[in-house]
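Here is a predicted model.

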Amino acid sequence: MTTPRGNNGAQGNGERREWGGEQGYRQYQPTTPGRSSSSASFKGCCCCLFLLFSFVALLVLAVVLVIILAVKPKKPQFDLEQVGVQYMGITPNPPSTASLSLTIRLLFAATNPNKVGIRYGQSSFTVMYRGIPLGKATVPGFFQQPHSTRQVIATIAVDRVNLLQADAADLIRDASLNDRVDLRVLGDVAAKIRLINFDSPAVQVSVDCAIVISPRKQSLTYKQCGFDGLTV
């Protein structure tokens, strides 16, 4: 009995062929050990790098948390200490209108109660009359040393802002008869705690002050401020 030629036998060109039944011979391709080993090695390197970066990130996070717990950061205080009226003028403009000119100087005291420094961003303050914005002052950002108090000055200038109808009538009546003009100063101060050359997420300090100005005396007669919902 004759054995079929090429069944698991070697051919002249070095290839191996298998008997495929009725369909004849089928070519057999050997696997390459080098390619599979290099792929496994690449995957192993990627896994090692991922674990290394994860470990470093967790280590940095743990160090930052330890420092934060040791420092115990507190919110900075931004208090309005003085309000100076440099100029105030009311000009009636018929019919039933009036223009307001005003220059006030706001003196804030920024207090840092922390063991680390605080970096303040640019802050803005708006003066309002009966919900109408009259003017705005901008204070540039600055860095404050630990356990320190720094004075910050902001000047708001209002140049002939027109008030219409009821608001103008109320302003003229309050200024001429009652010698008082009720204003409101609003502002937001953004501060970041500085930890080892890294800034913490911004902490927002809101300023909301109700002030009363005497047009005759050109001075402040009343002030009440709230900071982050706390009345001082």
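Partly exposed covers relative accessible areas between the buried limit, under 20%, and the exposed limit, over 50%.

Q: Why is Arg-130 called partly exposed?
A: Arg-130 has a relative accessible area of 48%. Buried needs under 20% and exposed needs over 50%, so a value in between is partly exposed.

Q: Why does Asp-170 count as buried?
A: Its relative accessibility is 16%. The cut-off is under 20%, so Asp-170 qualifies as buried.

Q: How do you know that Asp-170 forms a salt bridge with Arg-130?
A: The closest N and O atoms of Asp-170 and Arg-130 are 3.7 Å apart. The limit is within 4 Å, so the pair counts as a salt bridge.

Q: What does the pair of Asp-170 and Arg-130 tie together?
A: Asp-170 sits in helix H2 (residues 165-178), while Arg-130 is in the loop between strand S6 (123-129) and strand S7 (132-139). The pair therefore links parts that are 40 residues apart in sequence.

Q: What makes Arg-173 and Asp-170 a salt bridge?
A: Their closest N and O atoms are 2.9 Å apart. That is within 4 Å, so the label holds. Both residues lie in helix H2, 3 residues apart, about one helical turn.

Q: Why is the contact between Asp-182 and Arg-180 called a salt bridge?
A: The closest N and O atoms are 2.6 Å apart. Again this is within 4 Å, so the pair qualifies.

Q: Which residues do shared partners join into one network?
A: Arg-130, Asp-170, Arg-173 and Asp-174.

Conventions:
Residues are numbered from 1 along each chain as its sequence is written. This is a predicted model: local features need pLDDT of at least 70, side-chain atom pairs count only at pLDDT 80 or more; totals for chains, interfaces and linings use all residues. Side-chain values use heavy atoms; hydrogens and water are left out. A salt bridge is a side-chain nitrogen of Lys or Arg within 4 Å of a carboxyl oxygen of Asp or Glu. Helices (H or I, at least four residues) and strands (E, at least two) are DSSP runs, numbered from the N terminus. Buried means under 20% relative accessible area, exposed over 50%, partly exposed in between (1.4 Å probe, protein chains only).
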